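I have opened a notebook for a structure that is new to me, and you are welcome to read along.

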Amino acid sequence: MTVAFTFPGQGSQAVGMGKDLADTYPEARVVFEEVDEALGQKLSDVMWNGPEETLTLTANAQPALMAVSMAVIRVLEAKGLDLKSKVSFVAGHSLGEYSALCAAGTFSIGDTARLLRIRGNAMQAAVPVGAGAMAAIIGLEHGDVQSICTEAAAIGPCQIANDNGGGQLVISGGKAAVEKAAALATEKGAKRAIMLPVSAPFHSALMAPAADAMRDALSGVAKHDPVVPLIANVRAAPVMSADEIAGLLVEQVTGQVRWRETVEWFAANGVTTLYEIGSGKVLTGLARRIDKNLSGIAVNTPADIDAAFAALNG
């Protein structure tokens with residue numbers, strides 16, 4: 001069994017997430033306390049008690065999702081899991097890339113929380129509310145969506161933000177251009193073209209100010225080479241150098257999350273099992289749609305952790 005750990009992105013948050021971990025494991029409680037302290041905010045209270053609209057704010061959701069992922073990691077480690085010897089690769093979807101890097105020892109938990117708070121605020125501030133948009137395009141190939149974006153870009157920025165696999169692509173950019181692209185997608189036979197209820201056009205050229213903010217933030221933080229290779233979002237290929245990773249994290253703010261290619265890379269390089277570490281099971285569902293031969297397992301409850309630890313140490 002060759003194993004990769006994957007880490008979820010925004011949209012996987014839910015009020016109450018991580019509470020059972022904190023109640024069950026002191027190692028998990030320490031993670032949530034560390035994140036609260038790093039941010040100077042009782043984020044754990046928002047995570048466990050809501051309100052949902054406060055948790056969903058980008059600046060809260062990003063560090064909150066990382067906190068749950070790292071709580072799972074710290075519990076597995078306390079049970080005796082050695083990431084370096086049991087896990088071959090890590091990857092994360094968008095903000096999940098920071099969780100993956102924290103798990104692999106590139107950043108401390110406190111620094112990761114602060115980086116994600118900066119990232120969330122910078123992404124929110126990069127574009128006036130209502131000026132940007134995102135849309136999910138279901139049932140068209142990557143090349144078709146790319147040509148639609150090129151056509152729509154005549155009236156404003158429009159590009160592929162996420163290639164999630166299973167015929168699901170997300171586009172991002174200026175509101176008028178994304179609306180035009182969604183209409184073109186429907187004309188060209190997309191099963192669905194859905195405008196998404198997001199607060200900013202993530203992973204588009206309009207995020208350039210946020211990329212600048214992350215370049216500054218990443219340059220001032222302690223970083224170490226990960227103990228296992230990261231399959232980077234913008235490259236869909238392994239990287240091991242902390243300095244190179246920092247550059248790719250900057251690129252990721254305006255670049256495409258190449259998730260389908262990441263999962264295909266895993267399958268082509270001997271990975272048999274993907275453990276999704278943290279809240280929800282979005283990536284587990286995507287993995288099955290991308291490659292039926294991959295086993296996907298979500299790990300976010302005490303029972304999940306016991307089962308995963310037993311399997312990894314079997």
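**Entry 1: a loop to begin with**

In which loop is A236 found? I looked it up: A236 is in the loop between strand 7 (230–231) and strand 8 (238–239). Helices (H or I, at least four residues) and strands (E, at least two) are DSSP runs here, numbered from the N terminus. I also noted that the phi of A236 is near 50°, a positive value in a residue other than glycine. A236 counts as buried, at 8% relative accessibility. Buried means under 20% relative accessible area, exposed means over 50%, and partly exposed is in between, with a 1.4 Å probe and protein chains only.

Before going on, I wrote down the ground rules. This is a predicted model, in which local features need pLDDT of at least 70 and side-chain atom pairs count only at pLDDT 80 or more, while totals for chains, interfaces and linings use all residues. Residues are numbered from 1 along each chain as its sequence is written, and side-chain values use heavy atoms, with hydrogens and water left out.

**Entry 2: other backbone points**

Most residues other than glycine have a negative phi, and most peptide bonds are trans. With that in mind I looked at S94, which has a positive phi of about 60° although it is not a glycine. S94 sits in the loop between strand 2 (89–92) and helix 7 (96–103). At 11% relative accessibility, S94 is buried.

Next I checked a peptide bond: the one from G50 to P51 is cis, with omega near 5°. I found P51 in the loop between helix 3 (43–49) and helix 4 (52–56).

**Entry 3: the whole protein**

I stepped back and found 15 helices and 10 strands in the protein. Its radius of gyration is 19 Å, close to the 20 Å of the globule rule for 314 residues, so the protein is as compact as a globular protein of that length. That radius is taken over C-alpha atoms, and the rule is 2.2 Å times the number of residues to the power 0.38. The C-alpha trace spans about 55 × 45 × 35 Å along the principal axes.

Buried residues make up 55% of the 314 residues. Of the contacts (heavy atoms within 4.5 Å) between residues at least 6 apart in sequence, 74% join residues at least 24 apart.

**Entry 4: aromatic rings**

I found that the structure holds 6 aromatic pairs. Rings of Phe, Tyr and Trp (its six-membered ring) pair if their centres lie within 6.5 Å; planes under 30 degrees apart count as stacked, over 60 as edge-to-face and the rest as tilted. The rings of F5 and Y275 have centres 5.9 Å apart and planes at 75°, so this pair is edge-to-face. F5 lies in strand 1 (residues 3–7) and Y275 in strand 9 (residues 273–277), so the pair ties together parts 270 residues apart in sequence. F5 is buried at 0% relative accessible area, and Y275 is buried at 1%.

For Y98 and F107, the ring centres are 6.5 Å apart and the planes are at 20°, so the pair is stacked. Y98 is buried at 0%, and F107 at 3%. I also noted that F89, W265 and F266 form one aromatic cluster.

T112 is in helix 8 (residues 109–125), and T112 counts as buried at 0% relative accessibility.
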